[in-house]
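Colleague: I have just opened this one and would like a short tour. Could you take me through it?

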Amino acid sequence: MADQQNRKLQEREYRFYKEIQVKFREVVDPLTLSDYLVASCLTEDDVSNSDISTDEVTKKRKELILEFARKHFLQVESLDEVPRVMQLVKDVNASLKEVLEGSLILILAVNSIDTLEAIQRLYLGGVLVEVIRKDLLSDKRRHHILQIAQKNGAKDGDIDDRFFDSLDFDVEICPADFQFCYLNLKAIKELSIPASPFESVTAFESRWKGRGLKRSYGKSISDDETIYDKIDLPLPPILGRLLEDPFLQSRYRKIAPMFIGPLDKCCHLFVDWLFEELGKFEIDYKYGKEVSTIGSWLGSSFQFSSVELQDRILFETKALNGKIQFHIASANTGGSPELNVEAWEEIVRDGIIEFSETHQKYSFQSQALEQYFIFKSNDSSAIKIFGFLPVFQLAKNPHVLTKPLTEFDGDSKVKMEYLYLHYLVMKHKDSNNRSAALKSLIPAERIYVVDLQEESFEPQIDVLRVLIQEQMIDAFVIVIGPDDKERWDLSSQAIKKSLLVQDIRSLISLARVLSWIGAVQIDVDAKPDRLANICVTILRKSSFTNQGHLCLKFSGASLKPSRDVGVLCTGLQLIPNVCQLELSGTSDIEPEAYRQIIKACRFSKLSSLVLNNTILMNKEDPQPIGLQYLPHLKHLEIEGCNLGDAGIHAMSLDFKEACQLTELSVARNKITSSGILELSGLLMEKQNLRIIRVHENDVGYEGAVSLAILFRNLPFLEVVNLCDCKRITDKGFEVIIESLKGKNLKKMNVRNCGFSQRISEKYFKLLKNMRHFQHLDYGCNTIGSSRVGPGPSINISEVFLEMMSCNKYSWNLLNLWKCNIGFTTVFESAHQLGHLSTLTDLCLQENQLNDRDGTCIGEYMVTSWHSLRSLNLRQNNIGDTGAAKIFEGIRENLKLKTVFLDRNQIEDGDLIQKMVEYFVDQGNMEEMDVSYNEVPEYLNTETETRKFLRGRAANIQPCNGYTEISINNRFMRL
């Protein structure tokens with residue numbers, strides 16, 4: 001029956017869409033841009049006909065709105081949804097009316113992911129706007145526009161070719177819009193893999209179709225899939241149990257839209273809807289009165305012994321004089337109701353009541369339905385705390401539940417669940433009294449205790465998170481064992497604490513609790529004392545009351561293979577919200593242990609895995625590391641693991657399974673062109689890949705060609721690191737540069753790649769067209785070579801300055817270490833780079849800079865470079881004049897954290913003393929170095945500088961050739 005209904009629905013939708021297709025052809029004749037469908041208000045047919053009047057445009061708009069309304073009305077299931085659809089139609093009509101006037105609307109109809117990605121590649125390459133321009137300004141259109149202009153009184157010559165050439169077209173595709181379309185197309189293509197919990201309603205419907213209450217109500221429900229599995233919110237456990245009830249499973253389409261938005265609103269909507277839906281069933285169902293009678297009798301006859309009431313009430317029946325009588329063996333059944341046989345048989349056939357073969361007795365199939373009738377039969381003055389009855393009371397009147405909850409002395413786990421749900425519902429219904437029931441948990445000292453020794457402590461964590469958000473406590477204590485307690489004071493938004501790691505099991509238990517109340521980072525260092533540095537960022541103002549994120553970082557040899565690995569694996573299986581795991585430098589662990597740890601994360605949402613400087617494979621028998629267990633993995637770092645080409649080949653299955661990968665780093669792995677070629681082929685389908693780091697590998701020309709093909713195929717590529725890849729040669733870099741044309745790179749590292757002047761010029765011209773480029777690491781490559789004669793170096797510096805001027809407001813980092821800039825005119829005047837107002841990090845180390853260059857840099861710092869946080873000018877030839885201007889710029893930049901002026905030619909002792917006084921008195925700077933200059937007298941213990949430092953209680957430490965000053969964890973070297 002369900003399949004037949006599905007076919008009828010599909011046939012109706014097909015006919016409807018065919019009608020829409022025909023009518024849309026009458027309204028808008030599509031234009032073709034390459035392989036896409038582009039519809040506009042002006043079509044080729046319109047061009048050949050007469051002018052389009054305002055009435056015709058209005059008529060077309062009305063036709064579009066009517067079709068839009070018809071489509072949505074076909075999806076209406078009840079009269080209650082009609083006002084919503086009408087309002088939606090009105091809003092769309094108003095928006096179209098506002099946009100249509102004086103505008104040209106282009107609609108790109110995309111029917112597949114391949115087409116969408118092709119459009120995005122054209123857009124990123126700058127081709128899409130040119131195709132649209134060419135199409136819109138065709139000869140027929142120009143002729144038509146001229147005719148309209150003449151009809152409206154335009155004179156000859158007012159509109160000519162120059163007018164059309166001056167028209168400026170701009171096309172912008174928002175990344176969020178692209179991602180939304182991509183996910184929707186993916187959901188349509190693969191219904192078994194929903195894009196999100198609520199975008200997959202269509203897929204969910206196909207699996208639950210026909211499982212309504214009547215007739216099909218008695219059909220078995222899949223044990224491995226419920227509505228609860230489809231909702232990605234930290235729901236109270238009692239609601240999770242409700243969502244597994246068959247009565248609610250049959251109404252999933254009504255339930256799913258409720259769980260979008262803040263958690264308190266979702267719970268409030270669901271609780272009220274459930275109470276109303278159960279009441280509607282009692283009224284609408286043919287034998288609703290009889291079913292209500294049975295439920296009320298159960299409530300008055302049965303003595304409830306369990307506050308959770310996990311099982312339904314079993315009862316027996318017998319036929320007597322054409323009537324059905326009911327009996328409960330353990331209860332007084334006086335006043336048992338009687339039903340006629342016909343009604344009883346209909347109720348059983350509809351699945352409302354089911355027969356248990358195990359117990360040979362009857363019961364309600366739905367516990368929610370059973371307890372609803374029990375709730376109705378109870379005296380309203382006697383509030384009972386068990387089962388789902390408090391949920392119904394929250395819908396009816398949540399205020400009367402406050403006192404019974406505070407006085408409840410039953411199971412603490414159950415009490416915590418009810419308190420949490422009561423808070424969420426009251427927060428939306430009566431925000432001023434939302435914490436009334438929770439106050440009973442707070443002692444006078446305002447300290448809350450979480451006992452991890454209890455079998456299930458999750459409800460305690462839910463309440464703890466609420467108490468922190470409402471600022472009802474000043475601290476909380478976590479009890480791990482009889483003599484193992486940790487107190488956490490809530491004096492700030494972020495809590496930091498260092499603990500000795502005596503037991504990894506205790507640390508993992510602590511991580512489970514802390515991760516539910518905020519974003520947690522636990523860093524275990526490699527020292528013998530095994531210190532764990534824990535930072536917790538409290539989620540005080542989260543409207544969604546979401547669980548936090550856990551980052552576990554183990555470095556060095558902090559994990560003991562014989563003991564800690566097994567405990568860590570067990571703990572990771574119990575922490576669903578671990579998002580980052582770092583095991584860098586844990587070289588004592590065997591490769592198989594890493595596979596066990598990764599497999600243990602299969603129940604989590606791990607998105608970042610860092611395994612730098614580890615031994616991941618046996619050279620004799622390399623094996624995959626198991627990334628198929630991490631479906632959410634986006635960030636993978638495996639630097640310095642000595643993989644080689646064999647390791648890349650062994651990980652081919654891992655890379656194929658990492659479908660969500662956005663960032664990959666395989667640096668320092670002795671990979672040759674052969675391995676790079678295989679890796680590029682494995683990554684070719686990773687369309688979301690944005691960051692690739694393959695630096696410090698043995699990449700030759702063949703590897704460069706394969707990387708170029710890969711880069712060309714990645715539409716969202718943003719970061720590339722190729723530093724120390726000298727074997728690529730100029731020929732290889734020329735291919736890579738060509739492949740990056742049309743990309744929107746943000747960062748690129750080509751340090752120490754041996755660029756020739758010809759490749760440098762090509763490279764700067766490439767970056768010139770990247771409007772969002774912000775991070776350039778170009779160290780140890782050439783910009784200038786000699787001041788003798790103009791030469792090619794001058795040309796390169798001019799191209800460099802032109803490139804910098806084209807990306808005026810995007811620069812963050814500029815690393816030009818050892819580029820011979822002192823031999824160029826880059827810092828000849830304080831006007832060429834003054835636009836770099838967003839620059840935060842600048843490295844000009846070892847560039848033969850002199851006083852002229854230093855003065856220019858100082859002038860930039862005074863006038864425009866006010867975002868600088870790090871300045872590195874060490875190993876140059878800057879003297880007193882340039883240093884004085886730079887110091888003036890330092891005083892103007894309060895954001896500066898680090899300054900390096902060591903190994904220059906500063907001789908002015910008074911200037912050095914002023915720098916010392918500024919560093920000590922101004923607490924914003926973290927590190928400053930002016931050592932190894934030409935001022936030997938400040939090493940004398942009796943100088944004014946030394947006396948000043950002793951007066952400020954600074955710690956002075958003599959070192960070999962310089963003196964180190966430390967004050968409040970800030971350091972300066974003289």
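Modeller: What follows goes through confidence, helix packing and a cavity.

Modeller: This is a predicted model, in which local features need pLDDT of at least 70 and side-chain atom pairs count only at pLDDT 80 or more, while totals for chains, interfaces and linings use all residues. Residues are numbered from 1 along each chain as its sequence is written, and side-chain values use heavy atoms, with hydrogens and water left out.

Colleague: What does the protein chain average in pLDDT?

Modeller: The protein chain averages a pLDDT (the predictor's confidence in each residue, from 0 to 100) of 78, and 79% of the residues score at least 70.

Colleague: And where does pLDDT stay under 50?

Modeller: One such stretch is residues 189-225, for which the model has 69 contacts (heavy atoms within 4.5 Å) beyond four places in sequence. Another is residues 786-794, with 15 contacts beyond four places in sequence.

Colleague: Now the helices: at what angle do H28 and H29 pack?

Modeller: Helix H28 (residues 673-683) and helix H29 (residues 701-713) pack at about 10 degrees with their axes 8 Å apart, and they are therefore roughly parallel to each other. Helices here are DSSP runs (H or I, at least four residues), numbered from the N terminus; axes are lines fitted to C-alpha atoms over the stretch in contact, with angles from 0 to 180 degrees between N-to-C directions, and those under 35 degrees count as roughly parallel, 65 to 115 as roughly perpendicular.

Colleague: Which residues of H28 meet H29?

Modeller: Ser673, Ile676, Leu677, Ser680 and Leu683 in H28 do, and their partners in H29 include Tyr701, Leu707 and Leu710.

Colleague: How do H15 and H21 cross?

Modeller: The axes of H15 (residues 263-284) and H21 (residues 412-429) come within 8 Å and cross at roughly 95 degrees, which makes H15 roughly perpendicular to H21. The residues of this contact comprise seven nonpolar, two polar and five charged, where Ala, Val, Leu, Ile, Met, Phe, Trp, Tyr, Cys and Pro count as nonpolar, Asp, Glu, Lys and Arg as charged, and the others, Gly among them, as polar.

Colleague: Changing topic, how many cavities of 30 Å³ or more are there?

Modeller: A search of the whole structure finds three, a cavity being a set of points on a 1 Å grid over the protein atoms alone where a 1.4 Å probe fits but cannot get out.

Colleague: What lines the second largest cavity?

Modeller: Its lining residues (those with an atom within 4 Å of a point) include Phe800, Met804, Phe827 and Trp865, and the lining divides into twelve nonpolar, no polar and no charged residues.

Note on methods. Helices (H or I, at least four residues) and strands (E, at least two) are DSSP runs, numbered from the N terminus. Angles under 35 degrees count as roughly parallel, over 145 as roughly antiparallel, 65 to 115 as roughly perpendicular and the rest as oblique. On a 1 Å grid over the protein atoms alone, a cavity is a set of points where a 1.4 Å probe fits but cannot get out, and a pocket is an open set with protein on both sides within 12 Å along at least five of seven lines; lining residues have an atom within 4 Å of a point. Grid points are joined across faces, edges and corners, and a volume is the space filled by probe spheres set on the points.
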